[in-house]
Amino acid sequence: MKRTAIEAFNETIKIFEEQFETQEKYSRESLERFQREGNEKEIQKIQNNSQRLRSRVKEIHDSKCKLEQDLKQQVSDNREIDKKMNSLKPDLMQLRKIRDQYLIWLTQKGTRQKKINEWLGIKNDADDSYSLEEDDSSPHHDECTWYVGDIKRSRAEEMLRGKCDGTFLIRESQSQKGSYACSVVVDGDTKHCVIYKTATGYGFAEPYNLYSSLKELVLHYKNVSLAQHNDHLNVNLAYPVLARSQNQK
């Protein structure tokens, strides 16, 4: 709208300037004649008209300049707002991921979806993607099916060799004392990733170290892909390596 107004100002200024040039041309001719005749009254009238027209043209110029300045300031402000919004996007995405993690954690702790929806201000408590009720018969609940203690990396690879994608085990990390390692089959090959033990809980990376135990972490990533932390690990912790029903190739 402001750009349209500037275009209108340009047209108006053009008309006034043309009128001013025409008026000046005829005024000069009239002034010469009235000066010869000594007609001061008409001379004063012509000069007043020229002054008013000149003043009006200046007002239009000033208004146009003010509008252009406002437009430039608005463009600059909008650019700054865009920069700030773009800079906030990664933080917003990260916060959303953290929120999702806590929602899943709450459901795993037995919090009813209705209560979670109340906290979130959601009135419709129908089906929700965060309802992750676990089957108690799942082998993931038995730590003996996936926790193998202090074994070497090479031994973990031996145990997982020939197993199907998603077969995994948890062991003590030899490279980072006090932490653990997850070894999992991805595309027929064994991959390893560190599980950190921090003040906030267990996890693969900040700020997702949320789980109060290795079991909670395993139950979560039974349903959620590790690609969330590493693009090369697009796999779930689907099959505990020592489970009797563990699928094999």
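**Salt bridges and cores**

There are 5 salt bridges in the structure, a salt bridge being a side-chain nitrogen of Lys or Arg within 4 Å of a carboxyl oxygen of Asp or Glu. Before details: this is a predicted model, where local features need pLDDT of at least 70, side-chain atom pairs count only at pLDDT 80 or more, and totals for chains, interfaces and linings use all residues. Residues are numbered from 1 along each chain as its sequence is written, and side-chain values use heavy atoms, leaving out hydrogens and water.

One of the bridges joins Asp70 to Lys66, with 3.1 Å between the closest N and O atoms. Both sit in helix H2 (residues 40-108), 4 residues apart, about one turn of the helix; helices here are DSSP runs of H or I, at least four residues, and strands are runs of E, at least two, numbered from the N terminus. Asp70 is partly exposed, at 29% relative accessibility. For that scale, buried is under 20% relative accessible area, exposed is over 50%, and partly exposed is in between, with a 1.4 Å probe and protein chains only.

Another bridge links Asp189 and Lys191, at 3.6 Å from N to O.

The largest nonpolar core has 22 residues, and Ile170 and Ile195 have the most contacts inside it. Such a core is a set of buried Ala, Val, Leu, Ile, Met, Phe, Trp, Tyr and Cys residues joined through side-chain atoms within 4.5 Å. Strands E2 (167-172), E3 (180-186) and E4 (189-197) and helix H5 (214-221) each supply at least two of its residues.
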